[in-house]
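This report goes through a two-part question: how the chains are organised, and how they meet. Please keep the sequence and the model at hand while reading.

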Amino acid sequence: MLVSVNWLNNYVDTSSVSPEELAELITKTGIEVDGIDYFAEQSSNVVVGHVDACEQHPNADKLNLCQVDVGEEKLQIICGAPNVRQGQKVAVAKPGAVLPGNVKIKKTKLRGVESNGMICSLQELGIAEKYVPKDVADGIFVFPKDTAIGADVQRLLNLDDAVLEFDLTPNRADALSMLGVAYETAAILDTELTLPDEHVHTDSEQASDYISVGVDAADLNPYYGAFIVKDIDIKPSPLWMRNALMAAGIRPINNVVDITNYVLLEYGQPLHAFDYDRFGSKHVVVRRAGDNERMTTLDGEERTLSSDNLVITNGQEPVALAGVMGGANTEVNDDTKTILLEAAYFSPQAVRATVRDTGLRSDSSARFEKGVDPNRVERAGLRACHLLEKYAGATVLTGPIVFDELDRTEKTVTITEKLINHRLGTVITSAEIETILNKLQFPFVKHDDMFTVTVPTRRGDIAIFEDMLEEVARMYGYDNLPYTLPEGSSQAGGLTKQQELKREISSYLQGAGLMETMTYSLTDEASIERLVSPELRAKEPKPVRLPMPMSEDHNYLRLSMVPELLKSVAYNRARSQMDISYFEMGNVFVTNEQTLSQQPSENLRLAGAMTGMWLRHPWQHEQKQVDFYLVKGVLEGLFAYLAIPISFEQTKLTDMHPGRCASILIDGRIVGFLGQTHPVLEKELDLGETFVFDIDLDQVMDFYTNTTSYEPIPKYPAIARDIAFIVDEDVLAGDIKETIEKEGAPLVKNVRIFDVYKGDNLPEGKKSIAYSLFYQDPEKTLQDDEVEQSYQTIVASVNEKFDSYVRS
Amino acid sequence: MKEQLEAIRREALAKIDKAADLNTLQDIKVTYLGKKGSLTSVLRGMGSLSKEERPVVGELANNIREAITNEIAKKTDVLEKAALEEKLEKEAIDVTLPGRPVHVGGPHLLTSIIEEIEDLFIGMGFEVREGPEVETDYYNFEALNLPKGHPARDMQDTFYLTNELLLRTHTSPVQARTMQQYGGSQSVKMICPGKVYRRDTDDATHSHQFTQIEGLYVDKHVRMSDLKGVLNKFAKSMFGDDRKIRLRPSFFPFTEPSVEMDISCKVCEGVGCSVCKQSGWIEILGAGMVHPNVLEMAGYDPEKYTGFAFGMGPERIAMLKYGIDDIRNFYTNDKRFLTQYHHVKGGTL
Ligand SMILES: [Zn+2]
């Protein structure tokens, strides 16, 4: 909503504050003012002049040589506008004038003839092209004949007007009208309010001789008023009205259209003028449209309607889409003599349905959709009639003819001083509340400390105590509210166990050198089935597709975070960022339903992607590429930090390197996987060797205890023994380790692999794996023979199980 | 014999003084004090001395042995120190060469901001809760006083999965869920961070996915001044002690009265500049007193219980705090962007 301060001044005197101060006050009290636009940039030295003479330039066909009287002097001006004529009153920029865009007007010569100024178009005076009336769009602006010569054009054309841009919240539909804004402003400035003139002369002719009104859908149209206005002289509307409309962002057209638009903005009540002589009957019938009924709206489009749409008909065919747009065949034109002026209440539901079905949105529909003031419908019609009498020379027949089942009841809300202060934490007195209600012009009755407030229908947003509480609070001023802290019982705040786990994981991985990312939860069709962790795949989840996505890149709920992480890696590689170590925690969405009937379960996961060089230290000839064991080491470290034992099992997974992929297990349950992505996928996504991991944190949660108990530092020394087995190449180091741990328990506290060797000194197809065993007894110093005995048991078991022998 | 001994002393001390390395010193020790050394051989001739002379010469010989031993020790010390110094000198390295790089990770900027806000409210006794990202129409809208057909429910904005299921458009459903869980008879004091979704085309200022933090406090006798006090505390901790706040009336279907909170602009100190669009204030969050319909639907008697709620966008806070001009930066995960904000706790706006 654009609010012209000059227009607002018709109802309430704002001269005590500047437009900037007014904007600030309105913003603080209720409606956000997004900005202040001066209607036009400042211009100076532009006055009204009379074209005394106008003849063709001696040396140029398209230029006119004009003698212009500007009051104090007469100026010879050369003008190129096609519409300049002798006898016109025009806007003259005198020599020394400055026009918008810092255009300085000087005395000059055009084709050998002196020109002392410029005759201006509205565009040259700074009015935006789209608001300039069509009849003067291609030339200079012409003032009415009675305009005083020498008058200041800036003032006359309202060019100094400040326009406040309101950012309205949906509840404040009242401020979609200048009167609503005037009530608000009068309350804020605590000043008088002057209401517009709605007086109409009585006429001997009866509107009922011209029209009857019938409504078949009173639920959607509880009030319809039809005014008949005769003897209309279609012409431009008065200058002040055109100025007001342009400032409000509406292009002036002619007096009838301008008046309906003006009253729409003034009262917030849309009106519609039909050309009576082309209406086609003497009967207005309002009804639901038939299914597939057709009509042509005044934008020339043929529309197919349904029974959701309310239409105005002449008893036979639709002549308007109620509250949205009129029909082409009854539109007012230059020959119109008599109009049927409609002032109606169309229900928000009816108009919303038509807007939804047709995609047509207008200043009218916007107001009906929010609900217009039931007590202002007929008054707006009268106001328009008053203006038509005055500015179109029209006669208003005695009327209007109405259908009226409109509920105009005003609500009442009860408030007390005590409850208001109790809710706000303030000390507002009864007298202050009275003052506030008076400023708002809300009538009330006071009984002891109880106010029964009558809410005017213009404020449809107020219905309950809390609404009235807000009115009192905002008028009292939020700046005046004290700062307090809650008095209620204090409780210990904190994180849930899962949130603590997330923070622990994040801090470990950051310390280990990984960066956290945030990717989109919505992925694309190509990625949806990709790199789903084996334990999740086993649940046979069904992909969930959005029925109305915004883009094909984001139309599925993800089942894995890895594909989006890989996209981030590719994005960086395309920008020469080759070394990436990323992790992320987030939800994937799991359901078995083909057609969703309930929410998918949300599975919290940890995923990562690592590629490129991990360490690059050239001058000491050190570098280390990210590889499987680096990623595995990070995860082993993480779970050691979380005090959760994990193990790994070789596995094969679609889209993963068949020989470099492992599932991750806790207590025998698969909780995720890690490995290198498949080289074919890497090529497709433009990746280098990339290692990824994906872990189900919901399962990890089952094993996570965030309280670590104290373990005493061992008193007795540990004994280390090294041992190397020679085995077939396909024997897994982890399997031997497991056997050592099992056989060595309880004395073997720790087993570490310190060497793996294949080559010269070993038979073909064999490898050697070396382990360090750490023995310890918490109770006493270990004896050599105890260690030796255990050692021999281990060697025997391993050799038997893996067909190995000890390397000497 | 005495002369002989004195000569040994002179000769030995002179040699020690001249010795240039530890080997020479060792040789000197053997030459004079060893089993076949000169001092020993002189003493072997002691038998030929008279009873009176023996102790005198003996004492002298001991003195000389002691003197030589001491001098050797002293000299050894000096030479060892010199040798060490020489060795260390040779070990000198070029300290201007670059060190071995350590891999440094870090949090996502949004996580930093969310955790900072979480910690702040935990300090004020709030618990941190989360809720599902796929929500029911009921919790996302109806329970928040947005019945079907409500004009403020913009269907176009919502990613619906079915008629009843959708991607949540705000974190507010967690309010309703938490209150329901607390069963209408306990106070609720929680904040809820999370991802939310809107049907927007991604551009510099719109993202189909973004984050929000919601806060809720419901108890007997929660006042609007409490909301102001809590938000003031939040604003000062988050943006600096010199920030002022202001509340402006606004509208949200689930609160009444509803307000928006601005903080004073740091750049211009309230005078007006391009950052604050000349107003001197920067909009930070929306808040209000929980609407009685919302309390009632969640099982709280609005006659007995009142509450406040607030919600804010970490992206907006980050963009304001660090002058980030494109919201897509948070989700493209460009390494050059991510690394910029690894050490950004605190900061000013
Ligand atoms: Zn500023």
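In which loop of chain A is A:Arg111 found? A:Arg111 is found in the loop between strand S8 (108-110) and strand S9 (113-115) of chain A. Helices (H or I, at least four residues) and strands (E, at least two) are DSSP runs, numbered from the N terminus.

The model is predicted: local features need pLDDT of at least 70, side-chain atom pairs count only at pLDDT 80 or more, and totals for chains, interfaces and linings use all residues. Residues are numbered from 1 along each chain as its sequence is written, chains are lettered from A and ligands numbered from 1 in the order in which they are written, and side-chain values use heavy atoms, with hydrogens and water left out.

**Backbone**

A:Arg111 has a positive phi of about 50° although it is not a glycine. A:Arg111 is exposed, with a relative accessible area of 58%. Here, buried means under 20% relative accessible area, exposed over 50%, and partly exposed in between (1.4 Å probe, protein chains only). A:Leu531, another residue other than glycine, has a positive phi near 55°. A:Leu531 sits in the loop between helix H14 (525-528) and helix H15 (534-537) of chain A and is buried, with a relative accessible area of 1%. Most residues other than glycine have a negative phi, and most peptide bonds are trans.

One runs from A:Gly399 to A:Pro400, with omega near 0°; A:Pro400 lies in the loop between strand S23 (395-396) and strand S24 (401-404) of chain A. Another runs from B:Glu256 to B:Pro257, with omega near -5°, and B:Pro257 lies in strand S7 of chain B.

**Domains**

Domain bounds come from an automatic or database domain assignment. For chain A the assignment gives domain 1 (2-39 + 162-189), domain 2 (44-156), domain 3 (207-404), domain 4 (411-476), domain 5 (497-703) and domain 6 (719-806). The C-alpha centres of domain 1 and domain 5 of chain A lie 55 Å apart. For chain B the assignment gives domain 1 (2-88) and domain 2 (109-341), with C-alpha centres 91 Å apart.

**Nonpolar cores**

A nonpolar core is a set of buried Ala, Val, Leu, Ile, Met, Phe, Trp, Tyr and Cys residues joined through side-chain atoms within 4.5 Å. The largest has 103 residues, and those with the most contacts inside it are A:Ile415, B:Phe121, B:Phe234, B:Met261 and B:Phe330. Helix H8 (residues 224-239) of chain B supplies the largest share of this core, eight residues. A second, separate core of 98 residues includes A:Val181, A:Ile312, A:Val319 and A:Ile401. Leaving aside residues up to four places away in sequence, the residues touched by B:Met261 include B:Leu231, B:Phe234, B:Ile245, B:Arg246 and B:Ile284. Contact means heavy atoms within 4.5 Å.

**Interface of chains A and B**

In the interface, 92 residues of chain B are in contact with 89 residues of chain A. The two chains bury about 7700 Å² between them, 54% of it on carbon and sulfur atoms; buried area is the accessible area (1.4 Å probe) that two parts lose on being put together, summed over both. Between the chains there are eight salt bridges, a salt bridge being a side-chain nitrogen of Lys or Arg within 4 Å of a carboxyl oxygen of Asp or Glu. H8(B) gives the most to the side of chain B that touches chain A, with eight residues.

**Salt bridges**

The structure holds 72 salt bridges over all chains. Four of them are listed here.

| Pair | N to O distance |
|---|---|
| B:Arg248 and A:Glu32 | 3.4 Å |
| A:Arg294 and A:Glu302 | 3.1 Å |
| A:Glu471 and A:Arg474 | 2.9 Å |
| B:Asp262 and B:Arg246 | 2.9 Å |

Both A:Arg294 and A:Glu302 are exposed. By contrast, A:Glu471 and A:Arg474 are buried. Because they are three residues apart in helix H12 (residues 465-476) of chain A, A:Glu471 and A:Arg474 are separated by about one helical turn.

B:Asp262 and B:Arg246 are buried as well. B:Asp262 lies in strand S7 (residues 255-264) of chain B and B:Arg246 in strand S6 (residues 245-252) of chain B, so the pair ties together parts that are 16 residues apart in sequence. Salt bridges that share partners join A:Glu24, A:Glu32, B:Arg246, B:Arg248, B:Glu260, B:Asp262 and B:Glu283 into one network.
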